[in-house]
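Here's a quick briefing to read alongside the structure. Have the viewer open and follow along.

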Amino acid sequence: MVHADHPSTCDEGKQTIWAGHACGYVVSIPKYSLRIYHAGDTNIFSDMSLIDALYKPEVTLIPIGDCLGMGPREAAYAVKHFLPTTRIVIPMHFNGAACLTGKPEDFTRLCEEMEANKVIVHPSFFYGGGSLVPLLNNYDVEREQDQAPGEEASPDNAKDAADGVNQPEEE
């Protein structure tokens, strides 16, 4: 469990009550040497860089809804400046309520403008049974082929491995 920055209350009848501390999670999957950071409904905060330094998540789920948390601009800034280890980003918490105005297309555009160099997987990728495992496996194969001994992994390799994943299909 890691820190998140957002209100944490719920309504019980006519009373608003405190619902506990806001949090996110870092999940480790040893079989795939994978760490996933689920940021929760958080606003941007600079200590995301500590989460990156300590846990080095390869995949980050980040809110973009712009209500009670980050919008596309803040989320793009966070993945660019505070989460350099993350290779794959999944935008979340949008379209679920009228106040959630952030759109994945805006997030993708802003990441490109900020040169965040991340693979952005639209959540609709999973509706058809898509899985991160082949995406990560492709990344690892390309990383091994392109990477000199002792060289750090490049987000550009992950982008190549996920060809066509960044944009949602037209409906």
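Let's start with a helix pair: H2 and H3 cross in a right-handed way. The residues making that contact are Pro72, Arg73, Ala75, Ala76 and Val79 on the H2 side, and Asp106, Phe107, Leu110 and Cys111 on the H3 side. Keep in mind that this is a predicted model.

**The H2/H3 pair**
- Helix H2 covers residues 72-81 and helix H3 covers residues 104-113.
- Their axes come within 9 Å and cross at roughly 40°.

**Cysteines**
- Cys111, one of the H3 residues in the contact with H2, is buried, with 4% relative accessibility.
- Cys10 is partly exposed, at 36% relative accessibility.
- As for disulfides, the count comes to zero, going by a cut-off of 2.5 Å between cysteine sulfur atoms.

**Overall fold**
- The chain has six helices and eight strands.
- Reading from the N terminus, the order is β-β-β-β-β-α-β-α-β-α-β-α-α-α.
- Looking at contacts with a separation of 6 or more, 61% are between residues 24 or more positions apart.

**Surface and interior**
- Of the 171 residues in the chain, 40% are buried.
- The chain exposes about 9,800 Å², and 51% of that comes from carbon and sulfur atoms.

Definitions and conventions:
Residues are numbered from 1 along each chain as its sequence is written. This is a predicted model: local features need pLDDT of at least 70, side-chain atom pairs count only at pLDDT 80 or more; totals for chains, interfaces and linings use all residues. Side-chain values use heavy atoms; hydrogens and water are left out. Helices (H or I, at least four residues) and strands (E, at least two) are DSSP runs, numbered from the N terminus. Buried means under 20% relative accessible area, exposed over 50%, partly exposed in between (1.4 Å probe, protein chains only). Contact means heavy atoms within 4.5 Å. Accessible areas come from the Shrake-Rupley method with a 1.4 Å probe; for residues, only the protein chains shown count as cover. Axes are lines fitted to C-alpha atoms, for helices over the stretch in contact, and angles run from 0 to 180 degrees between N-to-C directions. A crossing is left-handed if the near helix is turned anticlockwise from the far one by less than a right angle, and right-handed if clockwise.
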